[in-house]
Amino acid sequence: MPAHTSRKKSRRTGPRVKPRIVARAKLPSRFGEFTILGLEGRGPQESAVALVRGNPSAGGPPLVRIHSQCLTGDVLCSERCDCRAQLELSLKKIGRARSGVLLYLPQEGRGIGLMNKLKAYELQDRGRDTVEANEELGFSADSRDYAFSAAALRALGVRAVRLLSNNPEKVRQLEAGGIRVVERVPCQPRVTQRTRGYLKTKKKKLGHLLAGV
Ligand SMILES: [Zn+2]
């Protein structure tokens with residue numbers, strides 16, 4: 001059985017979450033003018049930052065990126081993964097779009113948390129790939145859940161999106177959460193010598209749609 005069939009499915013069991021918008025402010029950045037919103041659900045895992053461009057609830061499906069937090073990549077510029085490159089590419093594209101949303105989620109290390117991700121890196125330094133390392137630590141290959149993301153988009157008045165993603169599981173979970181994905185827009189920065197091995201594993205074991213890897 002290919003490893004990606006064992007991925008954890010959506011854990012949503014109870015009634016649909018209704019995220020609250022708890023803050024809203026202007027956020028000019030080097031990628032353009034955005035509005036930043038804080039959204040909260042039922043606990044620390046149910047929170048998200050939304051960076052909004054234009055009016056995503058009017059004028060056709062907005063360009064949307066759902067980005068899982070990666071301290072090592074996004075902040076420390078690690079090249080073990082392609083997170084920062086994907087984040088920058090997404091912000092550049094959303095910054096140029098008529099409307100768009102970047103949802104930034106506290107799902108470090110594909111949902112296993114920062115300390116466990118660092119432990120997984122240690123195992124990878126000893127030869128495991130990213131999926132083997134997570135599994136050796138007792139986690140599934142990908143523990144992320146996008147039910148809250150779908151709810152957050154609904155709270156922003158979004159019902160259909162053009163989704164910047166290479167991950168078919170993300171598309172599946174969003175649609176299960178009531179968001180129509182009218183188009184999947186590839187989110188693939190230039191492949192580097194350092195990221196190639198990691199991306200090969202994502203393609204082979206997690207089913208990500210990556211060209212030229
Ligand atoms: Zn990363």
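**Helix α4**

I began with helix α4, residues 114-125, in what is a predicted model. Its twelve residues reach 17 Å from the first C-alpha to the last. At 1.5 Å a residue I expected 16 Å, and the span is close to that. I then looked just past the end of α4, where G127 takes a positive phi of about 115 degrees.

**Whole chain**

I counted eight helices and seven strands in the chain. For overall size I took the radius of gyration, which is 17 Å. A compact globule of 213 residues would have a value near 17 Å, so the chain agrees with that expectation. The C-alpha trace spans about 50 × 40 × 30 Å along its principal axes. Of the 213 residues, 36% are buried. I also checked how far apart in sequence the contacting residues are: among contacts between residues at least 6 apart, 63% join residues at least 24 apart.

**The sheet**

In what order do the strands of the open sheet lie? I read the order as β1-β2-β3-β5-β4-β6-β7, seven strands with mixed pairing. The edge strands are β1 (20-29) and β7, each of which pairs on one side only. From one strand to the next the twist averages 25 degrees.

**β4, β6 and β7**

I followed the pairing at the β7 end of the order. Strand β4 (residues 63-68) pairs with β6 in the parallel sense over two bridges. Strand β6 (residues 160-164) and β7 are also parallel, and five bridges join them. Between β6 and β7 the chain passes through helix α7 (residues 168-176), and this β-α-β crossover is right-handed.

In β7, R162 has E183 as its bridge partner. V161 has V181 as its bridge partner in β7.

How many of the six residues of β7 are buried? I found zero; strand β7 (residues 180-185) is hardly covered.

**Helices across the sheet**

I listed the strands that two of the helices lie across. Helix α7 lies across β4, β6 and β7, and runs at about 165 degrees to β7. Helix α2 (residues 83-96) lies across β2 (32-40), β3 (47-53), β4, β5 (100-105) and β6. The angle of α2 to β4 is about 155 degrees.

**L63**

Is L63 buried or exposed? I found 25 C-beta neighbours inside 10 Å of L63. The cut-off for a buried residue is 20 or more, so L63 counts as buried.

Which residues does L63 touch, leaving out those up to four places away in sequence? My list reads K93, I94, A97, G100, R162, L164 and V185.

Terms used: Residues are numbered from 1 along each chain as its sequence is written. This is a predicted model: local features need pLDDT of at least 70, side-chain atom pairs count only at pLDDT 80 or more; totals for chains, interfaces and linings use all residues. A residue is buried if 20 or more other C-beta atoms lie within 10 Å of its own, exposed if 12 or fewer, and partly exposed in between; C-beta atoms are placed from the backbone. Helices (H or I, at least four residues) and strands (E, at least two) are DSSP runs, numbered from the N terminus. Two strands pair if DSSP finds at least two bridges between them. A crossover is right-handed if, with the strands pointing away from the viewer, the path from the first strand over the helix to the second runs clockwise. The radius of gyration is taken over C-alpha atoms; the globule rule is 2.2 Å times the number of residues to the power 0.38. Two residues are in contact if their C-beta atoms, placed from the backbone, lie within 7 Å. Axes are lines fitted to C-alpha atoms, for helices over the stretch in contact, and angles run from 0 to 180 degrees between N-to-C directions. The expected span of a helix is 1.5 Å times one less than its number of residues.
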